[in-house]
Amino acid sequence: MPIRIRWTSKEYFGSLLLLLGMSGISQLYFIYIGQYFLALGNHIIAILIPIGIWVALFYATLIIFESYAQVERREKLRSRFRKAISKSSKLKKFLDFPITKPLLIVFILFNIFFFSTFFISVLFLNNSMAFLTAEILSAIFCLLVANLIERNYGRVRRI
């Protein structure tokens with residue numbers, strides 16, 4: 001069973017707020033795209049649905065963050081007495097920050113799946129319904145990938 005982080009503790013509360021804010025900013029990006037580039041006139045579809053998707057993406061990033069924290073904690077327990085190795089690459093330092101991997105995974109998957117689903121569904125539906133379909137299917141896909149990462153990457157193997 002994966003660890004459950006106490007998010008209200010002093011150590012993880014900042015990460016919680018960063019994950020929540022970055023998920024919200026990504027959905028503001030999609031509200032902007034929907035309103036101005038896709039010409040959505042329905043405010044329920046253009047504003048209220050992305051708020052629900054924001055919660056789903058936030059939950060997906062929490063799942064991925066907890067699975068990475070599980071693996072990191074396991075590695076710290078195994079290698080307590082190893083010599084520390086300095087990391088020189090700026091990309092490596094950027095990716096070692098705890099919230100970047102979950103956010104990058106979710107945002108890249110969501111964007112790819114959203115735009116591919118939108119351009120396929122716009123052939124059969126109008127813009128509003130294509131936007132709605134693409135948002136919901138992309139969020140479900142991100143939740144499924146987060147569950148897959150949690151099951152395959154973050155599980156504890158008891159020997």
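Leu91 is exposed, with a relative accessible area of 56%, where exposed means over 50%, buried means under 20%, and partly exposed lies in between (1.4 Å probe, protein chains only). This residue lies in helix H3. The model is predicted, so that local features need pLDDT of at least 70 and side-chain atom pairs count only at pLDDT 80 or more, while totals for chains, interfaces and linings use all residues. Residues are numbered from 1 along each chain as its sequence is written, and side-chain values use heavy atoms, with hydrogens and water left out.

The protein chain has 5 helices and 0 strands, counted as DSSP runs numbered from the N terminus (H or I of at least four residues for helices, E of at least two for strands). Of the 159 residues in the chain, 38% are buried. Among contacts (heavy atoms within 4.5 Å) between residues at least 6 apart in sequence, 79% join residues at least 24 apart.

Helix H4, residues 100-121, has 22 residues and reaches 31 Å from its first C-alpha to its last, close to the 32 Å expected at 1.5 Å a residue; the expected span is 1.5 Å times one less than the number of residues. The buried residues of H4 include Leu103, Val106, Phe107, Phe110 and Phe114.

Leu91 returns in a nonpolar surface patch of about 490 Å², which it makes together with Phe94, Leu104, Ile108 and Ile112. Such patches are made of residues with over 30% relative accessible area and no salt bridge, with like charges joined within 9 Å and nonpolar side chains (Val, Leu, Ile, Met, Phe, Trp, Tyr) within 5 Å; a salt bridge is a side-chain nitrogen of Lys or Arg within 4 Å of a carboxyl oxygen of Asp or Glu. H4 gives the most to the patch, with 3 residues.

In helix H5 lies Ser128, which is buried, with a relative accessible area of 17%. Not counting residues up to four places away in sequence, Ser128 touches Leu40 and Ile45.

Methods: Areas by Shrake-Rupley, 256 points an atom, 1.4 Å probe, with all protein chains shown as cover.
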